[in-house]
Amino acid sequence: MHEESHSIIMKSCAIFASAAAVLCMATIIPANANESKSSFNTASESKNKSEKKFTEKGVIVTAFQQNWKSIAKECKETYGPEGVSYVQVSPPQDHIKGNAWWTSYQPVSYKLDSKLGTEAEFKNMITTCKAKKVGIIVDAVINHMTGDGNKDTVGVGGSKYDAASQTFEDAGYTKDDFHQIEKNIGNYKDPEEVWNYRLVGLLDLDTSKPHVQQVLGGYFAKLLKMGVAGFRIDAAKHMEPKDVKAIKQAASDLSGIAYDKIWWMQETIGDIDGAKETQPDQYYGTGEVDEFEYSHRLRNYFYGSIENLKHITDNLTPNDKAAIFVTNWDTERDSSTRVLTYKDGAKYELANAFMLAYPYGTPNIYSGYKFTQRDESAPGATDTSVPDVTCGKDSQWQCTQRLTYIRGMVGFYNAVKGTKVTQWQDDNDNNVAFSRGDKGFLAINNTDKPKKVSYKTDLPDGEYCNVYVSSKCGSKVTVNSGKIETTIPANSAIALHVKAVDHFGSTSVLTTVLMIVVVFVVLLIELVLILCKNKADSNKKLGSGKN
């Protein structure tokens, strides 16, 4: 019996020692060990319970000249999974034939058949994207129809028209629905001329007429009932504000959607030398306005001194009325010396990152295609169609939404919603950094040399993924005691946020605690084994004495 008792005691000790070892390993291995192997740690999501009170609408991507099938596919593959809230599409109205991009901006009716797809494909795109929590914003051309010199009589989608007689049968317009001034706008100091003369020869609708307002209201109402999330109003500056208001009211009446619930972003280019009646602030009553000066300042600062970014919103459109972008299809062609474009490389990328990190307006990321000539068509476009988008190194499509830094910064934007800028820092040498409360941190090196930095941050201590350069957490930055010490590569950035974390907590403190626990557990195991051995030896001797 004594040998059996001895064996039981030794087995019990071994089991106890094994349990202690498991306890040691459980202490050493973090509870989120499995999460730390994934791209991002979302442990902090529950902290921001007050985020709902903020009103940021979300990130928009402009899918310029991309057909409906391609956008639907991208909603499933990229926009939805990456957290893009809206996609702005090119005008869906029937328009004149021709492969140039601007043919989409010369409508001949409000039928939803165009070179970008059929009405059925348009509906499917809306449904598909909505299922992925992505809303569709329509670029609406309502100031004018095609040019007076157009000789064709049938649009891409089959709509009948005659520009010479100003008759657009399928739109329901006759000559009486147009301004009868056959001159182009020349004097922008005269508001009546801006509103009533022709914009580059395009037949100018008389939007003060109730019939025109009703036709346009019906167009918007149809789109709203199909599930469209909002609108970009092309050439809004060339319509009197009261007319724009009446059109929006007609859209509300015909759709049954409250006036102030219709999202309305208006192209209103500010001009300090122009008539005050046509300035962006005159259109605040109907919705947001494009803040072109924001994009101009971005170029000036990134080619000058980015320390000025701290004051970039000074004297601009109010935050809740500003629709912003680094560039769009017009500015990248007609104002390339005043804005940054894909041709500006790293500076363009850094400007987009800043726009998504800094809390101002509704940001719009532009995704177009590469071009050498102003009127150049979308890749592979014909007079009546645009082929599916293909992304890749050899593609002419920019596919901006798929770029690593854009994916990362969209996530950044979503993670820091509702927070303010804190801890602004700059060195007067084209390096800036700031926190978004305790949710995010961005640092930009706008120089041609790597920069060794030491910044303060309000982020919790931990090891963060630099989402600007890696979507797989391949680049990590440590926050220790509220400080970041690292080297930022030339013309690059570090972007950190609390939903892209390897682990929270100070590495040095964690290491010290773990070492103490390991030593304690090892000593405990040795003590248990010694006690067990002594007990077993004692029992063995007692057994031998009895024999």
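The questions and answers below concern a predicted model of one chain.

Local features in this predicted model need pLDDT of at least 70, side-chain atom pairs count only at pLDDT 80 or more, and totals for chains, interfaces and linings use all residues. Residues are numbered from 1 along each chain as its sequence is written, and side-chain values use heavy atoms, with hydrogens and water left out.

Q: How many helices and strands are there in the chain?
A: Helices (H or I, at least four residues) and strands (E, at least two) are DSSP runs, numbered from the N terminus. On that basis the chain has 12 helices and 19 strands.

Q: What percentage of the residues of the chain count as buried?
A: Buried means under 20% relative accessible area, exposed means over 50%, and partly exposed lies in between (1.4 Å probe, protein chains only). The chain has 547 residues, and the buried share is 52%.

Q: Among contacts in the chain between residues at least 6 apart in sequence, what percentage join residues at least 24 apart?
A: A contact means heavy atoms within 4.5 Å. Among the contacts between residues at least 6 apart in sequence, the share joining residues at least 24 apart is 71%.

Q: Which strands form the closed barrel?
A: Two strands pair if DSSP finds at least two bridges between them. The barrel has eight strands with parallel pairing, in the order S1-S2-S3-S6-S7-S8-S9-S10.

Q: Which residue is the bridge partner of Gln266 in S8?
A: Strand S7 (residues 263-266) and strand S8 (residues 288-290) run parallel and are joined by two bridges. In S8, the partner of Gln266 is Val289.

Q: Which strands stand at the edges of the open sheet?
A: The open sheet has four antiparallel strands in the order S11-S12-S13-S18. Each edge strand has a single partner strand, so one side of each is left without a neighbour in the sheet; the two are S11 (421-426) and S18 (492-497).

Q: Which residue is the bridge partner of Gln425 in S12?
A: S11 and strand S12 (residues 431-436) run antiparallel, and four bridges join them. The S12 partner of Gln425 is Ala433.

Q: What covers the buried residues of H7?
A: Helix H7 (residues 241-255) has 15 residues and reaches 21 Å from its first C-alpha to its last, close to the 21 Å expected at 1.5 Å a residue. The expected span is 1.5 Å times one less than the number of residues. Its buried residues include Pro241, Val244, Ile247 and Ala251. The cover includes helix H5 (191-196), helix H6 (210-226) and S7.

Q: Which residue just after H7 takes a positive phi?
A: H7 covers residues 241-255. Just after H7, a positive phi of about 80° is taken by Gly256.

Q: Are Arg232 and Asp139 buried or exposed?
A: Their side chains meet in a salt bridge (3.0 Å, N to O), defined as a side-chain nitrogen of Lys or Arg within 4 Å of a carboxyl oxygen of Asp or Glu. The pair links distant parts of the chain, with Arg232 in strand S6 (residues 230-234) and Asp139 in strand S3 (residues 135-141), 93 residues apart. The relative accessible area is 2% for Arg232 and 0% for Asp139. Arg232 is buried, and Asp139 is likewise buried.

Q: Which residues are linked with Arg232 in a network of salt bridges?
A: Arg232 has a salt bridge to Asp139. Besides Arg232, the network holds Asp139, Asp234 and Glu267.

Q: How many residues apart in sequence are the parts that Arg374 and Asp334 tie together?
A: Arg374 forms a salt bridge with Asp334, the closest N and O atoms being 2.6 Å apart. Arg374 lies in the loop between S10 and helix H11 (404-416) and Asp334 in helix H9 (residues 331-334), so the pair ties together parts whose separation in sequence is 40 residues.
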